[in-house]
Amino acid sequence: MSDLLAPSSPPHALVTGGAGFIGSHLCERLLADGYRVTCLDNLSTGSLRNIAGLTERPGFAFREHDATEGLGRTDRVDLVFHLASAASPPQYQRRAVETLRAGSVGLFAALDLAARDGARLVFASSSEVYGDPEEHPQPESYRGRVSTTGPRSMYDEAKRFGEAACAAYRTSRGVDAKIARLFNTYGPRMDPDDGRMLPTFIRQALDGEPLTVHGTGRQTRSLCYVDDTVDGLVRLARGSWAGPVNIGGSQELTVNATALAVLEAVGGHSPITYLPALPDDPARRRPDTALALRHLGWRQTTGLDDGMRATVAWFRERLAARAVAG
């Protein structure tokens, strides 16, 4: 926190989308680091289950609220993280307008709050700003290849607009706004039914169902365990570097290899079945993380085996509890 100017005691952090998968882990980390944390979430894709272990802890407060409706009366903040957004394709396609509003109107509310209080703001952007990239691995200087009207456009363009909004507030209003481009993050508290690749594979493997792969399965992804992603966000918030900065895994895996890794972690023998390719699905995805190492001292530290083991254990427990509840 050495670079945060005149923080309150204890410093106060606001996390929009704080009841989501990454947001809940971030709230937990900030509490451990001595922050007073306000978690704001409209629960459209977040869940109270994700923050159940935090609600009774001193210094934690939850507000069920939509950031696109303004932030209302909020105590002075020292740090704002804007994570509010649907994150999986099925979610953001069902909530197309809401996703665009979260990355524009909701972000404006967060930026205005940061301007009011002289707070730092970290915007959780995405590797989706690169689209289906022609440059590999993707450095922050790459401007991307994105469809403005395709099936992913509501999410991709919300993130690209959000980056532009942060840059504008930084230059015209003096807001210390920072941009993190998050690549595929996985770990406990992912929604088993949100439609993303990894939770779908794990749920299918645990249920003994075929693992469904869209396209050939030769398209690649890089996976980053949630604790490492959160560490990158916190390091960005504490330092002087504004970004954009890639936060993501350095190991590139094909979708087929990821499916096999899930089966090995689960101990299952489900077959892999193939479905038609999804439109605008990136063929290759891996971050160049040289800037994260140089400016944040950040690198991925959780190996795939350890991360997958912890994630599968959480999914076993979650799916078993859901089965008992009926």
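Mentor: Helix α7 is followed by G267, whose phi is positive, near 80°. Helices here are DSSP runs of H or I, at least four residues, and strands are runs of E, at least two, numbered from the N terminus. Keep in mind that this is a predicted model, where local features need pLDDT of at least 70, side-chain atom pairs count only at pLDDT 80 or more, and totals for chains, interfaces and linings use all residues. Residues are numbered from 1 along each chain as its sequence is written, and side-chain values use heavy atoms, with hydrogens and water left out.

Trainee: OK. How far apart are the end C-alpha atoms of α7?

Mentor: They are 17 Å apart, which agrees with the 16 Å that its twelve residues, 255-266, should span at 1.5 Å a residue. The expected span is 1.5 Å times one less than the number of residues.

Trainee: And which residues of α7 are buried?

Mentor: V255, N256, T258, A259, V262, L263 and V266. They cover an arc of only 160° around the axis, so they sit on the same side of α7. That arc is taken from the directions from the helix axis to the C-beta atoms. Buried means under 20% relative accessible area, exposed over 50%, and partly exposed in between, with a 1.4 Å probe and protein chains only.

Trainee: What's on the other side of α7?

Mentor: L260 and E264, both exposed.

Trainee: What do the buried residues of α7 pack against?

Mentor: α5 (197-206), β8 (211-214), β12 (252-254), β13 and α9 (304-325). Contact there means heavy atoms within 4.5 Å.

Trainee: Switching topic: how many salt bridges are in the whole structure?

Mentor: A search finds 26. Each is a side-chain nitrogen of Lys or Arg within 4 Å of a carboxyl oxygen of Asp or Glu.

Trainee: Which residue does R152 pair with?

Mentor: D281, with the closest N and O atoms 3.1 Å apart. R152 is in the loop between β5 (120-126) and α4 (153-173), and D281 in the loop between β13 (272-275) and α8 (290-296), so the pair ties together parts 129 residues apart in sequence.

Trainee: Are those two buried or exposed?

Mentor: R152 and D281 are both buried.

Trainee: What about R76 and D78?

Mentor: Their side chains meet in a salt bridge at 2.5 Å, N to O. R76 is partly exposed at 38% relative accessibility, while D78 is buried at 5%.
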